[in-house]
Amino acid sequence: NLIAAIPPQAFSELITLEYLTFSDNPLATIPSNAFHGLISLTHWEFEDCRIVNVDPNWFRDLYFLTDLRLDGNLIQRLPVDAFNVLRRLMVLSISNNRIRNLNSNAFGSSLESLVLLYANGNGIRSVDDEIISRASRLSSLQLNNNNCVNQIFANVQGNLEEVRTALAECFRMFTGFIECTYVRVRNDYIC
């Protein structure tokens, strides 16, 4: 079955639901209150749908969400405070969308718990330095197949202190290379 629409408050009775997967469905728009009541949800997967916009209200009741996957959609930007209420979010995967800029204002408090951030294949041109400096638990940032070769990470802290050195080595090796390439940092790949 292909699901093209989710009605408002569709899950309000499912307060013990922990995993929600709607991948490979033609969902372009989702009502703001569609996920109202999902207070136990820990994993949310909406991969390869047709989602264009992220509504911060989707996550309003998702206090325990730790894993959010929005890969393969048509998302062009992340609004201010998109993930702010997700204070336990550890994994965010937004690869293969159309996002051009990663701004820390989209993350808010969720940056403090974030461990893995996957943003491959978006055409990203810039990454806000605060994403790394405020994400003290971040151990893997993947930006493969983006346009971030000129990105400079300043004020790096936490588990990614070696990013600046690794990127500098990468740039020396691939002078003039338009797209990012892999650099191994503490067993993780970055740019």
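Strands here are DSSP runs of E at least two residues long, numbered from the N terminus, and two of them pair if DSSP finds at least two bridges between them. The model is a predicted one, where local features need pLDDT of at least 70, side-chain atom pairs count only at pLDDT 80 or more, and totals for chains, interfaces and linings use all residues. Residues are numbered from 1 along each chain as its sequence is written, and side-chain values use heavy atoms, leaving out hydrogens and water.

Inside the sheet, strand 4 (residues 91-93) and strand 6 (residues 116-118) run parallel and are joined by three bridges. Valine 91 faces leucine 116 of strand 6.

Then there are the aromatic rings, which pair if their centres lie within 6.5 Å (Phe, Tyr and the six-membered ring of Trp; planes under 30 degrees apart are stacked, over 60 edge-to-face, the rest tilted). Twelve aromatic pairs turn up by this rule. Tryptophan 44 and phenylalanine 46 are stacked, at 4.2 Å centre to centre and 20° between the planes. Phenylalanine 83 and phenylalanine 107 have ring centres 5.7 Å apart and planes at 40°, so this pair is tilted. Phenylalanine 83 lies in the loop between strand 3 (67-69) and strand 4, and phenylalanine 107 in the loop between strand 5 (101-102) and strand 6, 24 residues apart. Ring pairs also tie residues into a cluster, among them Phe11, Phe22, Phe35 and Trp58.

Technical notes
Helices (H or I, at least four residues) and strands (E, at least two) are DSSP runs, numbered from the N terminus.
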